[in-house]
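Student: Could we go through this structure together, with the terms made plain as we meet them?

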Amino acid sequence: MAAGIAGLLWSAVSLPGPKDTPRPTELERLIGQRCLACHTGEKAQGGLDLAGLGFDLHDRHTLDRWIRIHDRVRDGEMPPGGLQAGERSTFLAAMAAPLAA
């Protein structure tokens, strides 16, 4: 019985999930072009250091940060000055699958 439970727990722990997924390439590109100038390092605006923010979406704090980032971009609050045509939809599409998983 104990071996069966241990096996079940091990299989659950080893299942691939969002934490195993790196940031989508398009997301990395847009963050590099539009966000890192203001959101990097100890003096990052709003205390949001995107260079240091991981993408382990199993971590509740990290997930909450990415949801807030998604929502602020979706609502046009970020980045200041807006995005070029198609950039907002590209950003949101790149975030959709990992956040929904």
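Tutor: Helices (H or I, at least four residues) and strands (E, at least two) are DSSP runs, numbered from the N terminus. This is a predicted model, in which local features need pLDDT of at least 70 and side-chain atom pairs count only at pLDDT 80 or more, whereas totals for chains, interfaces and linings use all residues. Residues are numbered from 1 along each chain as its sequence is written, and side-chain values use heavy atoms, with hydrogens and water left out.

Student: Which element gives the largest share of the lining of the largest pocket?

Tutor: On a 1 Å grid over the protein atoms alone, a pocket is an open set of points where a 1.4 Å probe fits, with protein on both sides within 12 Å along at least five of seven lines, and lining residues have an atom within 4 Å of a point. Two or more lining residues come from each of α2 (25–34), α3 (60–74) and α4 (87–100). The largest share, five residues, is given by α3.

Student: How are the rings of Phe 55 and Trp 66 arranged as a pair?

Tutor: Rings of Phe, Tyr and Trp (its six-membered ring) pair if their centres lie within 6.5 Å, and planes under 30 degrees apart count as stacked, over 60 as edge-to-face and the rest as tilted. Phe 55 lies in the loop between α2 and α3, and Trp 66 in helix α3, 11 residues apart. Their ring centres are 5.2 Å apart and their planes stand at 75°, so the pair is edge-to-face.

Student: Is Trp 66 buried or exposed?

Tutor: Buried means under 20% relative accessible area, exposed over 50%, and partly exposed in between (1.4 Å probe, protein chains only). The relative accessibility of Trp 66 is 0%, so Trp 66 counts as buried.
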